[in-house]
Structures are given as structure tokens and as C-alpha cells.
Amino acid sequence: MTKVKKFKVIPYLPANLKPLMKIANNLWWVWNFEAIELFRRLDVNLWTDVHHNPIKLLGAVSQNTLDEAAKSDSFIAHMERVEKELDLHLTMKSWFEEKQNEYSGASIAYFSAEFGIHECLPIFSGGLGVLAGDHLKSASELGIPLIGVGLLYRLGYFRQYLNLDGWQQERFPETDFHNIPVSLVKDDKNIPLQISIDFPEQNVSAQIWEVKVGKVTLYLLDTNIDGNTIEDKAITDLLYGGENEMRIKQEILLGIGGIKALKALKKNITVFHMNEGHAAFLAVERVRMAIEEHGLTYHEAAEFVAAGNVFTTHTPVPAGNDRFSPELIEKYFSSYYPKLGLTSEEFLALGRENPLDTNETFCMTVLAIKLAAFKNGVSRLHGKVSRSMWRNIWPTLPIHEIPIEHITNGIQTLSWTSDEMMRLLNRYLGPRWIDNPADDTIWKNIDRVPDSELWRCRERLRERLVGFARNKQKEQLLNRGLSPKEAAKADSVLNPEALTIGFARRFATYKRGTLILRNIERLNALLNNREMPIQIIFSGKAHPKDNMGKELIRQIIHLSYEERFRNSIVFLEDYDINIARYIVQGVDVWLNTPIRPKEASGTSGMKVVPNGGLNISILDGWWVEAYAPETGWAIGKGESYDDQNYQDEVESLSLYNILEQEVRTMFYNRGQDGIPREWLKKVKESMKHINPMFNTNRMVKDYTEKFYLRAHGNHEKFSSENFKVTREFTKWKKGLLKNWGKTAVTDLMLKEEKEITVGSKLYVNAEVNLGDLHPEDVFVQMYFGTLNHSDGIDDGIAQPLTLIKDLGSGHYKYEGHLLCLQSGEYGFTIRILPKNKNLVRNFDPDFKICWA
């Protein structure tokens with residue numbers, strides 16, 4: 001092509017409308033309905049056409065419209081009010097400043113492969129990204145000193161459309177970065193700031209984009225720049241696109257490139273949070289930098305780095321964790337090993353559950369676990385699943401003690417609550433629920449909301465969803481090639497007064513999107529009952545390579561073509577945040593039917609609650625913690641089955657019974673005024689108990705108090721006085737490891753009583769051989785609990801023993817006692833663990849526990 005000279009055109013705004021650009025360029029407006037309404041006022045139809053993108057709106061709206069707005073006192077007052085709210089958000093004293101001012105030097109970098117902040121920034125695929133986006137929003141609300149790091153994908157994930165047969169097709173429209181709320185970071189000379197990464201064939205450069213999310217800044221890397229090869233420009237084309245080699249390139253860019261970007265931006269980060277294993281290479285880059293910049297050895301650098309790292313796993317099945325072959329790691333890291341002072345096998349061992357198994361692939365989750373002091377799953381059940389899944393990293397540790405905690409996910413409440421419900425809550429709860437959605441005392445006041453007003457609000461939201469679904473359905477049918485006459489039938493699909501169920505999420509097979517369709521005749525009786533009709537709205541994408549997921553969508557489409565279901569089953573294509581908002585705000589019931597325990601948390605069901613919706617779900621993920629009979633319905637009681645077909649049969653029957661016997665009767669049981677008071681009582685109980693707990697303000701507070709502040713303290717301690725603590729601790733650990741194999745429990749004795757009764761004390765003595773180690777280097781513990789059928793101890797409790805005598809030659813005697821509080825058969829044993837005040841990783845995987 002002929003040489004092209006680039007230039008950029010920006011919106012022209014009258015002088016008194018300049019604040020519009022300020023508001024548009026900070027994604028704070030995403031969770032402020034007054035700000036959204038401000039942009040809608042300019043041109044409501046255009047606002048829809050530009051997919052709610054204010055930058056594109058301001059560049060496309062007619063000059064006449066802008067001039068009229070500039071003359072409108074009402075519009076100017078509205079704009080000034082929104083600008084004032086934005087300024088207040090950016091400057092007001094935050095929770096972090098009030099509660100944690102002694103940690104003023106803390107700075108957290110939050111790395112994620114995707115961020116779902118709003119549909120106008122399409123760099124996410126599903127729940128992981130939306131959770132990351134909500135994390136940033138709540139960090140801004142709480143004033144957490146946090147920076148986001150990710151990738152800016154030119155083609156995003158994919159846009160979905162269905163052919164006439166209902167088979168999913170994909171298209172990949174290019175995102176115009178100059179028409180979304182991002183800006184290119186430039187240096188002092190106004191030149192785009194770039195970083196460079198060593199790849200096998202050549203260096204790859206990336207530029208950095210900046211996104212403002214309230215007080216938080218998100219930095220995104222982009223390789224689509226001059227100087228890179230065509231192949232390297234494509235690294236940031238597609239989210240989760242390509243084969244394993246493209247995946248490792250993206251994860252090197254995210255992890256290693258992200259660290260380099262923070263350095264180029266001169267950010268002094270003290271805590272690094274890896275949101276999933278995609279970002280785990282940041283840990284090895286931090287180790288390399290610590291070696292290069294501070295003269296540390298590998299082991300010293302690894303201890304320092306791990307002390308300040310946080311890792312969150314979102315994956316409850318082994319197949320969901322990224323793994324790379326040793327050959328691929330060798331290709332991309334062979335020149336990296338010497339910089340760490342490691343051999344090839346030593347580096348590969350960092351990503352292996354068993355470091356000695358040379359046949360094991362390199363797992364990003366294992367790398368993150370080994371180089372992070374703080375690790376968590378995303379619900380209580382998922383924490384338990386994760387401890388079991390990764391138990392091989394700690395082969396001598398009881399599963400329940402494996403140091404993977406849980407912090408249950410949440411939602412950023414304001415982003416998902418409808419305007420109508422916000423106004424209703426403001427009237428009766430006051431504005432405090434907006435500032436502090438995690439305050440349960442505020443949500444107790446939900447009982448003040450009159451049933452009549454709550455029901456009118458629910459009816460308006462359902463009616464709005466039905467209108468949206470009809471328009472969307474008509475557009476879809478025309479795009480599939482149906483005649484205008486056939487497509488016009490969409491104008492009458494769904495009933496704005498009928499009980500509406502929503503199922504919208506990624507169409508992975510384990511989520512069982514078609515479980516409710518298992519018995520078609522029973523489904524027909526439910527949906528087409530004249531007195532108590534039910535309707536279902538589906539939406540969701542299958543991964544482009546997941547043909548089984550695509551088949552589930554096709555089954556739904558075929559069923560919706562049947563005359564008996566044409567008006568009661570609708571599938572909305574191209575699921576995104578906008579569609580999600582309409583559905584979670586409008587449905588009466590949210591359906592969730594995963595195969596337990598494959599749903600790590602799930603957050604979609606949380607989003608219906610502040611809008612007055614209820615949940616029916618398998619007891620999996622977050623619902624295990626949230627469910628109570630007064631807040632929703634549970635399918636089953638948390639059972640597991642070996643026969644999947646049998647499980648589907650049992651759980652579908654349970655679902656039909658719940659819908660027939662409880663849900664529809666409660667929904668349609670109306671008083672003389674037409675209000676379902678028993679239903680609304682359940683809605684209020686759900687809002688009262690779920691809203692204050694399952695939100696990201698609570699979640700981010702948990703991360704801050706449990707992990708971020710402790711990790712920051714570790715960073716300060718380990719880096720002070722030229723890394724004095726780091727060097728001393730590493731020297732101590734090296735000596736301990738050298739002699740650890742000599743430790744042994746040589747004797748354990750129980751001073752038995754003639755009759756052991758509840759309430760009695762049992763006294764225990766133990767003799768241990770510590771070799772060349774000293775008693776201050778170890779914990780000697782009694783580990784006791786109930787015995788299982790194979791005489792093993794289940795979920796035991798550890799209790800320290802007291803040193804009472806030096807027996808000489810490295811032998812010592814300890815004693816302790818246990819209190820017998822319940823009857824039954826119990827057992828105890830003795831174990832030895834390393835002890836050091838600077839040992840920040842509970843149960844360091846480098847040490848095998850010495851058991852009797």
C-alpha cells in the first residue's frame with residue numbers, strides 16, 4: 001500500500017461542555033447512573049448505537065446537538081453535578097486512608113489477563129474479567145493504592161452470532177483504540193513509552209495504554225506497533241486465541257512485560273497480586289530484577305519476591321490450568337536461566353508439583369503457588385477443592401492444612417443495580433448503601449421498602465427486559481436470514497407479566513445450560529401453564545473450539561423454533577456486559593446448574609439480588625455460603641455422583657419439583673391488590689443477607705486486611721537495610737535444609753490413665769533428634785484428632801509441645817497435654833516443623849514435615 005500518514009481527529013466540544021471529555025475518560029461513570037444519564041441525554045439512540053461508549057458518542061453526535069446542549073441550563077447543571085461527584089470521588093478521604101494510614105507507602109499491582117469493566121472496553125471473555133473489573137472499581141471506592149496491569153487486545157475475545165441452524169459463529173471486529181476511554185502513555189518528550197522483551201528470535205516491543213477507573217489506573221500493553229514483526233504484532237490480537245505458543249507469548253508479555261512496564265512508569269510497587277496463573281511469570285522477572293539490581297542470590301531473591309506476592313486461583317479443575325511442555329519453556333527461557341543462576345531443570349522444577357519428575361509439564365499455577373506467600377481460592381468450597389487439587393506440592397502435609405485460603409468473590413453492586421432500584425433504595429435506605437454496600441446494618445432497613453413499591457419496580461424491570469429481548473430477537477432472526485414476516489413474530493415473544501428465569505453465562509458443558517430442558521414434556525407443562533406461565537431467557541458464548549458447548553446452544557435454538565416454545569424460550573446472542581445488565585436486572589429467578597464442585601465461585605447470581613431477583617442453584621461455589629431456605633432455593637444437598645447421566649436425571653427432577661411446587665406457586669400467589677407478598681418477603685430476606693456479604697467492597701477489604709497489608713509489611717522488612725533480613729533468613733534456611741534430613745522423632749509416650757473420660761487431660765512426652773539444629777529452629781508439635789477406618793487422623797489439630805530437657809548429642813525431650821472434650825476413638829502423633837520469625841510462607845514447600 002502507498003505510504004500512509006497518520007493523523008487523529010478528536011471531538012470538538014463547545015468550551016462550556018469540556019467537562020464531558022473529563023467525565024468520559026474516567027470509567028467511574030460506569031457505576032454512576034447520573035453520569036450515564038448525562039450521556040444518554042445527548043442522543044439516546046446514538047448512545048445505544050455506539051454501545052454506550054461516551055468517547056465515540058462525543059465524536060459522532062451532531063454539532064447542532066452539542067450546541068443545543070451548551071445552551072441548555074438544565075444540561076449544564078446536570079453536567080456540573082456529575083463533574084462535582086467525580087471530583088468528590090477522586091478527592092474524598094477513603095476507607096484505606098482512614099483505617100490504614102500507617103501503611104501509606106503500600107502500593108499494589110493487580111495483574112490479570114482480562115478486565116471486564118464495561119462493554120465499550122472489550123478486553124474480557126467472562127467471569128474472570130468481570131471480577132477483575134469489579135475489583136478495580138471497589139479498590140477505587142475504598143481508596144486502595146492499587147494499579148491494574150493487563151493487555152489491550154485489538155480483536156478482543158470474539159463477537160458471537162448464530163446461523164439459521166443455531167450453530168455459533170465467530171467474528172472478530174477490530175477495536176479502534178482512539179475511540180474508547182484509553183490514552184497512550186508518553187514520556188517527557190511526548191514519545192509513546194515502550195518496553196522491550198527478549199523473545200527467541202528477536203526482541204518484542206510493547207507500548208502502554210492507560211485507563212482511568214475512578215482513583216485506580218489500569219495499564220494495558222499492546223504489541224501492535226511499528227518495528228515488531230507481523231507475528232509479534234499479533235500477540236495482543238486475541239484474548240485466549242491461538243495455540244500454546246501464542247499463549248506463552250501472551251503470558252510472558254503480561255508477566256515479564258508488565259513488570260518492565262511498571263519500572264518504565266517509575267512505579268514503586270510493594271505488593272504484586274496474580275489474578276490466575278496467566279501472570280505467574282511476573283514472579284521470575286521480579287527475581288531476576290532483584291538479582292540484577294540488589295546483588296542477591298537466586299534463593300535470596302526468591303524469598304524476597306515470594307514474601308510480597310499474592311496469588312488467586314479461579315480454576316477448580318486440573319485441565320483449566322495453563323501447562324507448557326518443557327520444550328516450549330526451553331525455547332522461550334533458555335537464555336533466561338543464567339540470569340537467575342538456575343539450570344534448565346531447576347527452572348522447570350518451579351512449575352512442577354513434583355520437582356523431580358522430568359516428565360511433568362510446566363504449570364503456571366504451580367509456579368504462582370511456589371512463589372507467593374499468600375494464596376487463595378474464590379469461595380469456601382473452592383478453597384477446599386484447591387487444597388486437595390494441589391496437595392502434591394506439600395506431600396507430607398494433611399490436606400486441610402495446605403496453605404491455600406479462600407476469599408469469596410463478590411460484585412461491585414452499583415455497576416449491576418438498575419436505576420429504578422437505586423432510586424427506590426435511596427428513598428428508604430438513604431445514600432449510605434452506595435458508600436458502604438458491605439454494611440449489613442444498612443441492608444436490614446430493606447424491610448422499610450413498601451411491598452407495593454418494590455413490586456412496581458420489579459414489574460418495570462421485567463417489562464424493560466422483555467422489550468429489550470424482543471428487539472434483540474427480531475434483529476437476530478433477520479440476521480439469520482428469516483423473512484421480515486417471520487422476524488416480526490419476535491414482537492410478541494415473552495410475556496412482561498410472566499415469571500421469568502434467566503440463564504446467562506459461558507456455555508461450558510459443566511455449567512449444564514440445558515439441564516432444565518431434559519424433560520421436554522414436563523418443561524412444556526411448566527412454560528405453557530395458562531394460570532402460572534414461566535419463560536426462560538438464555539444467553540452465553542461457547543469457546544470457539546468447544547463444539548460440545550456450541551451444541552448446547554444449538555439445542556436451545558431448535559427448541560425455541562418449536563411453536564409451543566416460540567414465545568417462552570429466547571436466546572440472546574453475543575452475550576456481553578450490556579446484555580448481562582438487562583437480564584440480571586429484569587429476571588425474577590436466576591438459574592445456576594453446574595456440576596459440583598466445578599464452579600469455583602460464580603458471580604452472576606449475586607447480580608440479580610440487589611435488583612430483587614432470587615436464585616435457584618446447585619450447592620456449588622458462592623451459593624454454598626449464601627443459601628438459606630429464606631433467601632432462595634437449592635437443587636440437591638451438595639451430593640456428588642459417579643454417573644453423570646444419573647446425576648443429570650436426579651438434579652433435573654429436583655429442579656422441576658422446585659419450580660412446580662414452590663417457585664411458581666409463591667410467585668403467582670397474589671393478594672387482593674395483586675402483590676405476591678410471600679415472594680417479596682423472600683426477595684427482601686435475600687437482599688438483606690446476600691447484598692452486604694457478596695460484594696467486591698467486602699472482598700477487596702478482605703484482600704487488603706488478610707493479604708495486601710501483610711505482604712507490604714513483608715516487603716518493607718525484607719528490603720530494609722540492604723535486604724539484611726532477606727540475606728539472614730536465606731542463610732538460616734540454607735543451613736536448616738542442609739541438616740533437615742537428620743531430624744527425627746525417636747520416641748513418643750502417652751501417660752495413660754486407667755480410664756480416659758470426657759474432660760480429662762492426657763499427658764504426652766516425645767523425644768526428638770535434631771542433629772546439628774537447635775531447639776529454637778523448630779516447632780515440635782503434637783498432632784491429634786479422630787481416627788478414620790484406616791487409623792489415620794482426619795482434620796487433626798496441632799498443638800505445640802514444650803522443651804523440658806536437653807538429653808545431649810542433639811537429642812531433646814518435649815512434653816505437652818491434650819484435653820479430651822468428646823468421646824470417641826482418637827489418635828495422636830508428633831511432628832517437627834521449621835521455626836523462624838521471618839518464615840512468611842506457612843508450610844514452606846521446600847521443607848518436608850518430619851513425622852514420627
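**Close-up views of a predicted model**

Asp451 is buried, with a relative accessible area of 18%. The model shown in these views is predicted.

**View A. Asp451 and Lys684 form a salt bridge.** The nitrogen and oxygen of the two side chains lie 2.7 Å apart. Asp451 belongs to helix α22 (residues 451-479) and Lys684 to helix α30 (residues 677-690), so this pair links distant parts of the chain, 233 residues apart. Lys684 is buried too, at a relative accessible area of 7%. For Asp451 the value is 18%, and buried means under 20%, so Asp451 falls within the cut-off.

**View B. Asp165 and Arg554 meet in a salt bridge.** The N to O distance between these side chains is 3.6 Å. Asp165 sits in the loop between β3 (159-162) and β4 (168-171), while Arg554 is in helix α25 (residues 547-561); the pair therefore ties together parts that are 389 residues apart in sequence. Asp165 has a relative accessible area of 35% and is partly exposed. Arg554 is also partly exposed, at 22% relative accessibility.

**View C. Arg566 and Glu563 are joined by a salt bridge.** The closest N and O atoms of the pair are 3.3 Å apart. Arg566 counts as buried, with 18% relative accessibility. Glu563, in contrast, counts as exposed, with 59% relative accessibility.

**View D. Five residues are linked in a network of salt bridges: Glu303, Lys733, Arg841, Asp844 and Asp846.** The structure as a whole holds 52 salt bridges.

**View E. Helix α8 covers residues 127-142.** At 1.5 Å a residue, the 16 residues of α8 should span 22 Å. Of the 16 residues, 15 are buried, so α8 is largely enclosed by the rest of the structure. Just after α8 comes Gly143, which takes a positive phi of about 75°.

Terms used. Residues are numbered from 1 along each chain as its sequence is written. This is a predicted model: local features need pLDDT of at least 70, side-chain atom pairs count only at pLDDT 80 or more; totals for chains, interfaces and linings use all residues. Side-chain values use heavy atoms; hydrogens and water are left out. Helices (H or I, at least four residues) and strands (E, at least two) are DSSP runs, numbered from the N terminus. The expected span of a helix is 1.5 Å times one less than its number of residues. Buried means under 20% relative accessible area, exposed over 50%, partly exposed in between (1.4 Å probe, protein chains only). A salt bridge is a side-chain nitrogen of Lys or Arg within 4 Å of a carboxyl oxygen of Asp or Glu.
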